[in-house]
Amino acid sequence: MIPSRNISEISLPENAVFIARTKKVFARAVDLLGPQTQLLLATADGMAVATHNDDEEPSARVAALSCALLSLSESFSGEVLGVTNNEISVSSDGGHAVLLRLALRGHPYLVCLSTKDHTTNLAIALRLTRDVGKKLASIVNY
């Protein structure tokens with residue numbers, strides 16, 4: 001019997017170089033959208049890997065909620081559309097959030113970008129989230 005392993009035990013090494021590069025990518029995105037922007041990289045099982053800020057408690061909650069929401073949306077999409085989705089967006093009068101599933105070294109991760117600036121265009125937030133995902137993949141999937 002193969003022992004059960006948590007995805008965060010077999011995924012990317014959370015080393016200082018990777019975290020520093022990720023934070024630089026996040027900082028560029030925050031520069032584009034403004035200081036009310038939050039970015040998070042999490043494992044598919046809801047563990048926060050990196051954020052652009054150092055506030056761990058909200059990041060841990062957002063990572064867990066993001067994982068659950070993206071998983072639920074994938075199930076919904078599979079049932080309704082016949083295919084699963086790789087992203088989800090949430091929009092309100094108070095801002096937007098975009099979740100993006102991506103693979104890093106063959107393991108599933110997600111990026112969460114949120115902005116509380118209600119003047120930010122959702123399409124811009126979506127495009128920027130996709131760009132962040134591509135940049136992180138290029139850093140890691142060498």
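The model is predicted: local features need pLDDT of at least 70 and side-chain atom pairs pLDDT 80 or more, while totals for chains, interfaces and linings use all residues. Residues are numbered from 1 along each chain as its sequence is written, and side-chain values use heavy atoms, without hydrogens and water.

**Salt bridges**

The whole structure holds 3 salt bridges, defined as a side-chain nitrogen of Lys or Arg within 4 Å of a carboxyl oxygen of Asp or Glu.

| Salt bridge | N to O distance |
|---|---|
| Glu-74 and Arg-101 | 3.1 Å |
| Glu-87 and Arg-130 | 2.4 Å |
| Arg-127 and Asp-131 | 3.1 Å |

Glu-87 in strand E3 and Arg-130 in helix H4 (residues 122-140) are 43 residues apart in sequence, so this pair ties together separate parts. Helices (H or I, at least four residues) and strands (E, at least two) are DSSP runs, numbered from the N terminus. Glu-74 is buried at 16% relative accessible area, and Arg-101 is buried at 16%; buried means under 20%, exposed over 50%, and partly exposed in between, with a 1.4 Å probe and protein chains only. Arg-127 and Asp-131 lie 4 residues apart in helix H4, about one helical turn.

**Strand pairing**

Strands E3 (residues 87-92) and E4 (residues 95-104) pair in the antiparallel sense over 6 bridges, where pairing requires at least two DSSP bridges. The two strands form a hairpin with 2 residues between them, and Ser-92 has Gly-95 of E4 as its bridge partner.
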